[in-house]
Amino acid sequence: MIISITGTPGTGKSHVAKALAKQLNANLIEIKKLVDTNKVPYIIDKKRQTKTVEIKELQKAVNKNIVKGKPNIIEGHLSHLLRSDMVIILRTDPVLLKHRLKKRKWSEAKIKENHHAEILGIITQEAMQRSRVFEIDTSRQKPSVVSSIIAKLLNNHSARKYRVGNIDWSEHYKKELLK
């Protein structure tokens with residue numbers, strides 16, 4: 001079983017993935033670590049202040065880290081573009097997300113880009129071609145609670161509650177997008 005945990009930066013992917021890996025005794029593959037340790041070639045996008053990778057190269061690096069015979073969790077905001085059996089998209093109220101990114105001292109441009117991406121559900125849109133895709137609102141939930149929800153989803157419990165489309169910030173934050 002391969003589980004992708006994805007979401008806009010600041011939604012809690014790292015904390016939830018670590019809690020879930022511990023709960024399931026799973027192998028955790030962190031995309032950021034693969035890139036930072038040069039296991040995946042990247043180009044620096046100076047304008048957006050980010051590293052850009054080719055998905056094929058990222059998939060090769062992830063494949064080398066899969067452990068057969070146990071659950072594998074791929075954590076990172078590109079994980080929904082990789083091969084997996086289930087995609088979990090973590091979502092966070094855009095105002096709270098903006099606050100979290102400001103605490104990280106991100107540039108205003110980068111905060112705005114990710115804030116808008118969350119409002120519009122960009123990652124959800126990208127992942128919708130996949131099967132077994134779920135969204136969980138992490139705005140006010142601890143990582144241990146979210147990891148328990150994911151464990152239940154693995155057993156097909158509560159699937160309806162977390163299906164794609166139940167979280168929609170666009171109407172509430174329409175004025176933010178028009179600024």
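Modeller: Start with the face of helix 3 that is turned away from its buried side: this face carries the exposed residues K56 and K64. Exposed means over 50% relative accessible area, buried under 20%, and partly exposed in between (1.4 Å probe, protein chains only). Helices (H or I, at least four residues) and strands (E, at least two) are DSSP runs, numbered from the N terminus. The model is predicted, so local features need pLDDT of at least 70 and side-chain atom pairs count only at pLDDT 80 or more, while totals for chains, interfaces and linings use all residues. Residues are numbered from 1 along each chain as its sequence is written, and side-chain values use heavy atoms, with hydrogens and water left out.

Helix 3 spans residues 55-65, and its buried residues are L58, Q59, A61 and V62. Seen down the helix axis, these buried residues fall within an arc of 165 degrees (taken from the directions from the axis to the C-beta atoms), so they line one face of helix 3. In general, an α-helix has 3.6 residues a turn, so residues three or four places apart point the same way. The buried residues of helix 3 are covered by elements including strand 2 (27-30), helix 2 (31-36), strand 4 (50-53) and strand 5 (72-75).

Strand 5 leads on to S79, which is found in the loop between strand 5 and strand 6 (86-91). S79 counts as buried because its relative accessibility is 0%. Leaving out residues up to four places away in sequence, S79 touches S4, I5, T6, I31 and I74, where contact means heavy atoms within 4.5 Å.

Elsewhere, helices pack in pairs. Helix 4 (residues 94-103) and helix 5 (residues 108-120) have axes that come within 10 Å and cross at roughly 155 degrees. Axes are lines fitted to C-alpha atoms, for helices over the stretch in contact, and angles run from 0 to 180 degrees between N-to-C directions. Helix 4 and helix 5 are therefore roughly antiparallel (over 145 degrees; under 35 is roughly parallel, 65 to 115 roughly perpendicular, the rest oblique). P94, V95, L97, K98, L101 and K102 of helix 4 meet E108, I111, N114, H115, E118 and I119 of helix 5.

Helix 1 (residues 13-24) and helix 7 (residues 143-154) pack at about 55 degrees, with axes 8 Å apart, and are therefore oblique to each other.
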